[in-house]
Each structure stands twice: as structure tokens, then as C-alpha cells.
Amino acid sequence: MRFIYFVGTAGSGKSTLVQAYKEWLDYNGIDSIIVNLDPGADSTPYTPDIDIREWICLDEVMEEYGLGPNGAQVVASDLMAMNADKLTGALDDFKTKYVLVDTPGQLELFAFRDSSLRIVEALGRDKSMIVYTSDPMLYRSPNGFVSGKMLSTLVQFRLGLPTIDVLTKTDLLEEDEMERMLGWFEDSDSLYGDLLDRDVDPQTVIGMELFKTLENIGTFGSMRAVSAKESMGMEEIYAASQLTFFGGEDPDIQ
Ligand SMILES: Nc1nc2c(ncn2[C@@H]2O[C@H](COP(=O)(O)OP(=O)(O)OP(=O)(O)O)[C@@H](O)[C@H]2O)c(=O)[nH]1
Ligand SMILES: [Mg+2]
């Protein structure tokens, strides 16, 4: 079993992508299951094979601990880690190639709390990777782009897993807008120029420093443009996952 965690900011398209990617895998005869790790999800666009909501109910957590929805999410994420053995037990019932793991809308809950590290360890760190969903609405300006890229780098740093970046909902973008964003991902010189192409103010200085940090870390590079709505870019996610897990093609799949 290989685990692919779909992580990204609220509303960035994680759940829709999980559903579209699962459909693409099914169509291509590649076996997979879906695990929903979002206890706060009202509904999901797929039917999960394993669902954390079976063990943790956000409304009950709110009532029991006297918390609002956000505080309850924090407690729920810790409860999730305490239920890691139930999760691994449920996984034992399945014999599958890929486990697509949908994570909570509040990125910081999954990315920055120790509880998610415990889940990653329980399921198997060496068999795991992240698909980071970048919402194009946050990447429209050079400053927004640098902020978003910084966040995905922090997630990668925090979880310590191989990560592929995908730009979601590209069917909503004009061609030239998409080219500009992909250009920023792939050619840091163009981003550098666009960051400087404004009146110099304190934000520009911070932007340049963040840019330099990202460049030194080496986080620029390939970005996959996807659209879950149009089932576009799914084969690129698959190819990237193959490279991450097997260093090339999955030896078991003809
Ligand atoms: N046009 C278009 N809309 C999309 C696409 N993917 C997701 N959406 C829409 O974006 C919104 C958020 O999508 P979700 O899949 O729920 O995003 P999420 O990251 O799971 O959201 P949370 O779990 O609440 O953080 C929904 O209205 C989706 O229909 C896409 O590829 N194209
Ligand atoms: Mg979701």
C-alpha cells in the first residue's frame, strides 16, 4: 500500500481532486481506496472506504468539550491520532495499491500539529507522499504567489514527506493567466522581475527575502496544472507518484 495525502488550504480542491483522481485510477484499472480524515466534512464528493467520521463526530466533540467549531477541530485532530490504531486496523481489511487520503480543510490542523505526524508514522512514512493543492485564486499576484509557495514549503518541511505541487481548478483560468503562474513556478527569474515591478515598499523587501529563501531551498521547479472538473492532469499526478514511490514505473502495473 502506498499513501497519497492530499493537503492544501481550505477550499483548494482537495476532496474534488481525490474523487477525480480515484475515477481516473479506476478507469485505468489501478486499484485504490479513499480515506477521509476530515471529521468536519459535511459531505464529500466521493464515498469514502474508510471515514474518520465513523469514530469522531465534530458535533459531539463540540458538545462534550464545550467548544466552538474551530476548537473542536483541534481536539478532533488529537483524537484522530489516538484512533490511529483503528485506522490501521480498518486498512488491514483492504488489499489495495494506493490509499488516497483526504485531509481537513484547515491546513494548519493537518500540517502543523503532532497528531498528523503520528498518523503518518502509523500508516508508514516510507510509503507516503503529499499532493499539495495550490489554489490559483491565492497565486494571482507575485506576493500571493510567494506567500503560497512559502506555505507549501513549510508543509513539506513540517511533514517531511516527498511532495508534488499541483495547481488546481485550472479550468477557471484564462490561458495567459495560467501560463504566467506556471512561469513563476518554473522560472524563478520571471517571478523575481515581477516582484520588483512595483513601487518599493516594506512588503517588497520582505517579498525579496522570502523569494531568496525559497530559491536557496530549491523549491522552484515543476508544477502540475490540473482540473478535477475536467479530469485534466491526472496522468501527471500518477507519473509523479510513480517517480516518488518507485523511481519510475510501478513494476507491478503493465
Ligand atoms: N471549476 C472547478 N472547481 C473546482 C475544481 N476543484 C474543486 N472545485 C470547486 O472548489 C470548491 C472547493 O472544492 P473542495 O474539493 O471541496 O475543496 P477542499 O480543499 O476539499 O475544501 P475543504 O475540505 O473545505 O478545505 C468546490 O465548490 C468545488 O466544486 C476544479 O477543478 N474546477
Ligand atoms: Mg475537503
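Guide: A residue is near a molecule or strand if its C-beta atom, placed from the backbone, lies within 6 Å of it. This is a predicted model, where local features need pLDDT of at least 70, side-chain atom pairs count only at pLDDT 80 or more, and totals for chains, interfaces and linings use all residues. Residues are numbered from 1 along each chain as its sequence is written, while chains are lettered from A and ligands numbered from 1 in the order in which they are written.

Visitor: Which residues are the closest to ligand 1?

Guide: They are Gly-13, Ser-15, Thr-16, Gly-105 and Lys-229. In total, 17 residues surround ligand 1. Helix H1 (residues 14-27) gives the most to this shell, with three residues. Helices (H or I, at least four residues) and strands (E, at least two) are DSSP runs, numbered from the N terminus.

Visitor: How do the residues of that shell divide by class?

Guide: Three are nonpolar, nine polar and five charged. Ala, Val, Leu, Ile, Met, Phe, Trp, Tyr, Cys and Pro count as nonpolar, Asp, Glu, Lys and Arg as charged, and the others, Gly among them, as polar.

Visitor: What makes E1 and E4 a pair?

Guide: Two strands pair if DSSP finds at least two bridges between them. Strand E1 (residues 2-8) and strand E4 (residues 98-102) have five bridges, in the parallel sense.

Visitor: What is the order of strands in the open sheet?

Guide: Its seven strands run E3-E2-E4-E1-E5-E6-E7, with parallel pairing. Strand E3 (50-51) and strand E7 (224-225) each have a single partner strand, so one side of each is left without a neighbour in the sheet.

Visitor: Why are H9 and H10 called roughly antiparallel?

Guide: Angles under 35 degrees count as roughly parallel, over 145 as roughly antiparallel, 65 to 115 as roughly perpendicular and the rest as oblique. Axes are lines fitted to C-alpha atoms, for helices over the stretch in contact, and angles run from 0 to 180 degrees between N-to-C directions. The axes of helix H9 (residues 188-196) and helix H10 (residues 202-217) cross at roughly 170 degrees and come within 10 Å. H9 and H10 are therefore roughly antiparallel.

Visitor: Which residues of H9 and H10 meet?

Guide: Ser-188, Leu-191, Tyr-192 and Leu-195 of H9 meet Thr-204, Gly-207, Met-208, Phe-211 and Glu-215 of H10. Contact asks for C-beta atoms, placed from the backbone, within 7 Å. By class, five residues of this contact are nonpolar, three polar and one charged.

Visitor: How do you know that H3 is roughly parallel to H6?

Guide: Helix H3 (residues 69-82) and helix H6 (residues 114-123) pack at about 25 degrees, with their axes 8 Å apart. That angle makes H3 roughly parallel to H6.

Visitor: Is the crossing of H3 and H6 left-handed or right-handed?

Guide: It is left-handed. A crossing is left-handed if the near helix is turned anticlockwise from the far one by less than a right angle, and right-handed if clockwise.

Visitor: What angle do H4 and H6 make?

Guide: Helix H4 (residues 84-91) packs on H6 at about 30 degrees, with their axes 10 Å apart. H4 is therefore roughly parallel to H6. This crossing is right-handed.

Note on methods:
Contact = placed C-beta atoms within 7 Å.
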